[in-house]
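Please open the model in your viewer and keep the sequence beside it, so that each selection can be followed in both places.

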Amino acid sequence: AGAYWKYFAGPSGAPAGWAAKNHDDASWPGGPAELGYGDEPPDEATIIPYGGNAASKWIATYFRHAFLLNDPAAATNLILQLKRDDGAVVYLNGREVLRDEMPATAITPQTLASRGALDDGQDFHAFYLDPAPLRIGTNVLAVEIHQSAPNSSDISFDAALEVWMASNRPPGLWLTA
């Protein structure tokens, strides 16, 4: 949580292949999480644009964060802590691994979240993810956040990904994704 993320905000959505591990995001702006608008600091460390028309904001905003992993075969569990307002689609190295408050249909830049965040994006929600997409070296967690309405007052995003390795697995019952 609080990590540095690259982001893309615009009316037409992110470029094709934006969630892929090797997508070039060098021209994307970035900043520390929490990213968003409408709640202002101290909630948001990085304020992102929404298009300038409060009655018709951009529906989707896209985020990318790279991290290193030396031994993905030893990963036993992934736990994503996700803070989102309103809905989210999460990708690991270009593979979709989670939808939260999003429809099961094809997702476009204009797809609305199923509903507004009940907690107004204030809380982290935990999800177990499949570690299969992890690779040796650089990995990319990519998240698209969608508004539930074009006139939504705010957007909030932060995430933390816990990678449990065989060597640090705590005792007790663990579910595998």
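**Before selecting anything**

This is a predicted model, in which local features need pLDDT of at least 70 and side-chain atom pairs count only at pLDDT 80 or more, while totals for chains, interfaces and linings use all residues. Residues are numbered from 1 along each chain as its sequence is written, and side-chain values use heavy atoms, with hydrogens and water left out.

**The whole chain**

Show the chain as a cartoon: there are zero helices and 11 strands, where helices (H or I, at least four residues) and strands (E, at least two) are DSSP runs numbered from the N terminus. Of the 177 residues, 47% count as buried, and buried means under 20% relative accessible area with a 1.4 Å probe, counting protein chains only. Contact means heavy atoms within 4.5 Å, and among the contacts in the chain with a separation of 6 or more, 77% are between residues 24 or more positions apart.

**The open sheet**

Next, select the five strands that form an open sheet in the order S4-S3-S11-S6-S9, with mixed pairing. The edge strands are S4 (46–47) and S9 (125–129), each of which pairs on one side only. Two strands are said to pair if DSSP finds at least two bridges between them. Within this sheet, S6 (residues 75–85) and S11 (residues 155–165) run antiparallel and are joined by 10 bridges, and Asn 77 can be found opposite Trp 164 in S11.

**Strand S7 and its partners**

Now select residues 87–92, which make up S7; six of its six residues are buried, so the strand is largely enclosed by the rest of the structure. If you show the side chains, Gly 87, Val 89 and Tyr 91 point one way, while Ala 88, Val 90 and Leu 92 point the other way. S7 runs antiparallel to S10 (residues 137–146), with six bridges between the two strands, and Val 90 faces Val 143 in S10. S7 also pairs in the antiparallel sense with S8 (residues 95–100), over five bridges, and there Tyr 91 is opposite Glu 96. Two residues lie between the strands in the hairpin of S7 and S8, where Asn 93 takes a positive phi near 55°.

**Arg 84**

Go back to S6 and select Arg 84, which belongs to that strand and is buried, with a relative accessible area of 5%.

**Lys 6**

Finally, select Lys 6 in strand S1 (residues 4–9). Which side chain of opposite charge is nearest to Lys 6? It is that of Asp 25, 4.5 Å away, and Lys 6 is buried yet has no salt bridge, a salt bridge being a side-chain nitrogen of Lys or Arg within 4 Å of a carboxyl oxygen of Asp or Glu. The side chain of Lys 6 does reach two backbone oxygens, that of Trp 28 at 2.9 Å and that of Ala 26 at 3.4 Å.

Methods
Buried means under 20% relative accessible area, exposed over 50%, partly exposed in between (1.4 Å probe, protein chains only). Lys and Arg count as positive and Asp and Glu as negative; His and the chain ends are not counted. A polar contact is a pair of N or O atoms within 3.5 Å; within protein, one must be able to donate a hydrogen and the other to accept it, and residues adjacent in sequence count only if both atoms are side-chain atoms.
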